[in-house]
Amino acid sequence: MITTSNLSKKYSGNQVLNIETLEIPKGQSFGLVGNNGAGKTTYFSLLLDLIQPTTGHINSHGVQVNESEDWKPFTSAFIDESFLIGYLTPEEYFYFIGELRGQNKADVDSLVSQFEDFFHGEILGQKKYLRDLSKGNQKKAGIVAALIGNPEVIILDEPFANLDPTTQIRLKNIIKELAEKQGVTVLISSHDLMHVTDVCERIVVLEKGEVVKDLATSAATLKELEAHFAN
Amino acid sequence: MIKRFLSLEWKAFFRSASFGKSLGIKIFMGFLSLYFIAMFLGMGLGLYPVLKKVYPDGDPLLIVNSFLFFWILGDLVFRFFFQKLPVMSVKPLLTLPVKRRKVVNYVLGKSAFSFFNFLPLFAIIPFGITLMVKDYPVTNVLVWMLALIVVVLIINFFNFIIESFSSEKELSFLPIIVVAGGLYALNHFNIISFNEIVGDGFNAIYNNPLLVVVPILILVVCYIFNFKLLRQKLFLDSGLKTKIKEVNASNLEWTKNFGDIAPFMQLDLKLIWRNKRTKSSVWMVAIGLLYGLFFYPQPIYQNLEWFFVFIGVFSTGIFLINFGQFIPAWDSGYYKLLMSQNIKYEQYLKSKFTLMAVSVLILFVLGIPYVFFGWKILLAHFAAAIYNIGVNTHVILLGGSFNRKKIDLSQKAAFNYQGTGAVQWLIGIPLLLLPMGLFAAFYFLIGFEIACLVLIILGVIGIVFHQKLMKTITQKYLDSKYKMIDAFDQDN
């Protein structure tokens, strides 16, 4: 359970996020949509304690994220390329993350091998540094790294952007599988309404930092979202 | 167009996240420049009377000409290490209707206004005026001065040619050392007497002003060559080179002996070995280690016992200074990852500490042969090493918590040859001067052994309180966590 209460973030008087209350039950696959500047990345950054809230706080599984660091063992994220270490090969990067999350090499190998399809032969065994991979391939490595170590909360910011269509479809399957697993909360933001309604049980629309819609996904959701953003 | 470029740079400077820090450094550099200007001015004014006194029979102008070769050589080496081609982020300009020619001309033109080019003027002009006052023919002296200014600019552009070639090599400073050393040696052993050739050349220009065309032609050739080099770099693919070397992944299992900091040690070692910029700090170690050889063989320094400790701190701490001053900026590219991962900050910092402490130990051991020049040197180096481990490592880690400047390890910015200039050396000053001052004070008050003992005691205190100090330092880093994340997110 991730509980957000009275959360707001201001940059020099400018309010970029203001969420009075938002509860995300454990195991939910949660989608966040909104136009540029709606506050999606800000919310995720607050959830990862990368920026300081102006007021309020987020409570993740009973841990207040800006007070204690105990949320780190069960949380993982891929926000952007700055989550990658450019001078490592993808394998080394996976092992490094694995080590931080208490996984040995064999654990990491067996997890990563499940994603060979997703990697499309362009990540593993390439003998290239991450910095020399294309943007899309970097993203694949980053997303898979976020799945290492059985995290209970997985945060992916715009995971579909920059990926080719084949990979987008494979990624959807991966996220769906994760969501089916008991107790894994997946948080995704996206500009692609179709993808997000496909994989998420619940979709929240942010507008200028405020929650304007909170929908349980159904057959009508996509139409409703499209209508909302058309105006 | 030039006005726009200037305004872009103005904004980049004032709007950068590290503005306060770079302003401080700029002010310090300002004072340093004033000092150099005063020195050169003094030289320019004093040169004529002094030369007249030392060589009453010689013509001061001819004597100056015969020494010009050494000045050219020295200036070239000095510039190689301290002057960098102005950096400009060109990528956004490439698709705009700005002629590439203009960008290159702007960058090169700006470099001509470097402080390094103005400095010699402070010596050349007063000396030239003195000559004219002493009834040398005015036209000839003016042309001679012009020739010198042209030579200054030749050095300026020649230096960038050397830098652009050597920046692609790993041992970037080796070519310049070899070339300068070779020329000096050829001259010194009278195989080819360059100082006479250069001297004769300037004498000829003085006697026959039309010959000034020769240096001007050389300058034009240098400029065009630079222009061509830079123009080539102004294409995106030169930054995104397709030539990707195969990676040799090493597993570094031996780091496991360091326990829970092993993953960070591995990361740091890879960081150092796989990035050009960090790698050069490893090669600097060689220079630091041999640094003592400049001083100890000379009898004058044998008696300057208080100076031993300076060389000790420098040669055992060169890696510490070079690497340590950019903690945690080395990791700025992926700082957000580290901050959201399941890591203990203390382990992260401890890995850096261990790396620096081990480097001091290794450098001390490698420096033991200096005992050849006297056991006191070894003792001073030992004291300096202990001081480095106990005090300087902690100081530099603490300083890192104020670090707000991102380092782009991938270095794709065009025109960015080495990325570090004179500023890098400034940070070493408190680390070097403080122990030297302490040592000198106790040396003159009590004696050599006691002064060594003082440094050792300070170092041991630092080592004893290591855990406590690390706790405080870690807290400092935690306190500035958000500020660092924010600053490392910005490009400048």
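Mentor: Helices and strands here are runs assigned by DSSP, with at least four residues (H or I) for a helix and at least two (E) for a strand, numbered from the N terminus. The model is a predicted one, and on these terms chain A holds eight helices and ten strands.

Along the principal axes, its C-alpha atoms fill a box of roughly 45 × 40 × 35 Å. The radius of gyration of chain A is 17 Å, which agrees with the value near 17 Å for a compact globule because that is what the rule gives for 231 residues. Of the 231 residues in chain A, 47% are buried. Among the contacts in chain A with a separation of 6 or more, 66% are made by residues 24 or more positions apart.

Strand β1 of chain A, covering residues 2-11, runs antiparallel to β2(A) and is joined to it by nine bridges. Within this pairing, Thr3(A) has Glu23(A) in β2(A) as its bridge partner.

We turn next to the side that meets the partner chain. Here 26 residues of chain A are in contact with 23 residues of chain B. On the side of chain A that touches chain B, helix α2 (residues 90-100) of chain A gives the most, with four residues. By class, this side of chain A comprises 14 nonpolar, four polar and eight charged residues.

Finally, one residue of the partner chain may be set beside this account. Asn392(B) belongs to helix α19 of chain B, which spans residues 375-400. Asn392(B) counts as buried because 27 C-beta neighbours lie inside 10 Å, where the cut-off for a buried residue is 20 or more. Leaving aside residues up to four places away in sequence, Asn392(B) touches Gly317(B), Leu320(B), Tyr387(B) and Leu431(B). Pro175(B), by comparison, is 217 residues from Asn392(B) along the chain, and 32 Å separate the C-alpha atoms of the two.

Conventions: Residues are numbered from 1 along each chain as its sequence is written. Chains are lettered from A and ligands numbered from 1 in the order in which they are written. This is a predicted model: local features need pLDDT of at least 70, side-chain atom pairs count only at pLDDT 80 or more; totals for chains, interfaces and linings use all residues. A residue is buried if 20 or more other C-beta atoms lie within 10 Å of its own, exposed if 12 or fewer, and partly exposed in between; C-beta atoms are placed from the backbone. Two residues are in contact if their C-beta atoms, placed from the backbone, lie within 7 Å. Two strands pair if DSSP finds at least two bridges between them. The radius of gyration is taken over C-alpha atoms; the globule rule is 2.2 Å times the number of residues to the power 0.38. Ala, Val, Leu, Ile, Met, Phe, Trp, Tyr, Cys and Pro count as nonpolar, Asp, Glu, Lys and Arg as charged, and the others, Gly among them, as polar.
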